[in-house]
Amino acid sequence: MAVSRMKYISQGLEADGLYNLNQVFWNLPTPALYEHALSRHEGSVAHLGPLVVRTGHHTGRSAEDKFIVDEAESHDHIWWGTINKPIDEHSFDVLHQRMASYMQMKDVYVQDCFAGADPDYRMPIRIVTEAAWHSLFARNMFIQATDEELETHEPFFTVIDVPRFHAVPAQDHTRSQTFILVNFHKRLVLIGGTSYAGEIKKSIFSVMNYLLPDRGVLPMHCSANIGGDDRTALFFGLSGTGKTTLSADASRVLIGDDEHGWSDNGIFNFEGGCYAKMIRLSPVNEPEIYATTHRFGTVLENVTMDAHTRRLDLDDDSLTENTRGAYHISAIPNATPSGMGGHPANIIFLTCDAFGVLPPISRLSPEQAMYHFISGYTARVAGTEKGVTEPSPVFSACYGAPFMPLHPRRYAELLGERIRRHGSRVWLINTGWTGGAYGVGERIDIPHTRAMVNAALDGRLDDVPTSTDPVFGLEVPQSCPGVPADLLRPRECWPDKAAYDAQAAELAAMFVENFARFASEVDPQVVAAGPTPRN
């Protein structure tokens, strides 16, 4: 390793615009990064070994502060708009130069690693960080290179993460002092003004989402696992829908919890770790994830602990509801070391319908799958975000619009083609409310949701008769093992049928209004697969 490090030092980081640095710490292992983080007062060690850190003002992603450099090579491919906002090349270069000047005579940490478990599509990356704990985060989250691979590692994309460096909005044309800038031509990401480590992970995800479709690979914001029958399943869903909880099943082999690609070889994880929500984590409902909070190597963001005993309080949301844990995937006992699986037999779209009108489970045609994939629906409920006092719809294209540089149509077409080619069954599962909207009805029990998921994955619903929902056009199984029959018919669970009809029509209209911006650019059969509002 000494030779390898000298090779890196002789090459330096000049290719990334960095020069005159103090010490460069290359690919430090976990114990060394702990020592550095503690000596620099970046965090504390909790009971049984996790590193507890705080991210300051930013306890989540700063989606409004992310920009893509508008340059000739990528301009015609980007889905420009409120999500993919442009910044000019000159502003990027000036900010890059000032960042490099700021870093002179400072220590930096480097992790040379990979994104993509499939060797055919693996991308070598370099993560340069100002903080030691961010380097540990990168080491946990990405695929570690072997000593032999480090000898010849040449990064295709680099992330420079400097939380203490801030932009000057009037000069740099950013929205605030915080910035996440992606330059596809220079293959470089700049992050500043935020200590939230998730920006590192999601910036590389955005890069994969841009590059892979041209190679015939569908990048996906989903979790994935494999059953005892060796059949792979995918779980799509926005925050709060149960994606991590439902995919973390001890009876199934975990491929990954968040980012995957679907190639001609099958499914492969982009990452080497997991980044799970910790708030109110249950040792009963999420035992595998809960166990990661009591191990050396896990990084816990904004989780509180007793200052004397160093024991965690996972129920404390005083810093944020978005407490997070980053851990290497090997911490999950049933995770596959290869990070790969076969073509999915089942695909599950998870939605938390706080309006209480979507069926708890329904089967989708390929056209309906594309419609709901582009829609990416869930609902926020009161208390989850400031200012939210009643259920509000959220539509995030491809269940991850902030990370999708291309038009959603591109990803949906790849999804539809693969569903048809491999005969994958697609299910829409509502983990939200029944018998009324949020505040009136009840949340669907997790055991009932698990029973529906398991029945779908095990093939026990393949031949069950279905009925068509008159508003949403969904094929609803008439029965499901372990689930009360009336639960499958949401209208029957509402005491006031007229109130259900009005609420269903209102949600259907929301779907139609949201999809109107895509209607002219997708197949008419996909448009027709959506809900039909009724007055």
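Two strands count as paired here if DSSP finds at least two bridges between them. Helices (H or I, at least four residues) and strands (E, at least two) are DSSP runs, numbered from the N terminus. This is a predicted model, where local features need pLDDT of at least 70 and side-chain atom pairs count only at pLDDT 80 or more, while totals for chains, interfaces and linings use all residues. Residues are numbered from 1 along each chain as its sequence is written, and side-chain values use heavy atoms, with hydrogens and water left out.

**A sheet and its helix**

Let's start with an open sheet of five strands, which has mixed pairing and runs in the order β2-β3-β18-β21-β17. β2 (44-45) and β17 (273-277) stand at the edges with a single partner strand each, so one side of each has no neighbour in the sheet. As background, strands of a sheet pair through backbone hydrogen bonds, either parallel or antiparallel.

What about cover? Ten of the ten residues of α5 (residues 132-141) are buried (under 20% relative accessible area; exposed is over 50%, partly exposed in between, with a 1.4 Å probe and protein chains only). Among them are W133, H134 and R139.

**Another strand under cover**

Strand β4 (residues 66-70) is largely enclosed by the rest of the structure, because four of its five residues are buried. β4 pairs in the parallel sense with β10 over three bridges, with K66 opposite I180 in β10. β4 also pairs in the parallel sense with β5 (residues 85-88), over four bridges, and there I68 stands opposite P86.

**Rings**

| Pair | Type | Centre to centre | Between the planes |
|---|---|---|---|
| F184 and Y210 | stacked | 3.9 Å | 20° |
| W494 and Y500 | edge-to-face | 5.6 Å | 75° |

F184 and Y210 are both buried. W494 counts as buried because its relative accessibility is 7%, and Y500 is buried at 5%. Ring pairs also link W79, Y371, Y377, F395, F472, F511, F515 and F518 into a cluster.

Some rings have a charge over them (NZ of Lys or CZ of Arg within 6 Å of the ring centre and within 35 degrees of the ring normal). K85 lies over the face of F67, 5.3 Å from the ring centre, and the charged end of K202 sits over the ring of F403, 4.6 Å from its centre.

**One aspartate in a loop**

D258 is found in the loop between β14 (253-256) and β15 (259-263). Is D258 buried or exposed? D258 is buried, because its relative accessible area is 9%. Which side chains does the side chain of D258 meet in polar contacts? H221 is one partner, at 3.0 Å, and K243 is another, at 2.9 Å. (A polar contact is a pair of N or O atoms within 3.5 Å; within protein, one must be able to donate a hydrogen and the other to accept it, and residues adjacent in sequence count only if both atoms are side-chain atoms.) Leaving aside neighbours within four places in sequence, the contacts of D258 include K201, K202, M220 and E271.

Terms used. Contact means heavy atoms within 4.5 Å. Rings of Phe, Tyr and Trp (its six-membered ring) pair if their centres lie within 6.5 Å; planes under 30 degrees apart count as stacked, over 60 as edge-to-face and the rest as tilted.
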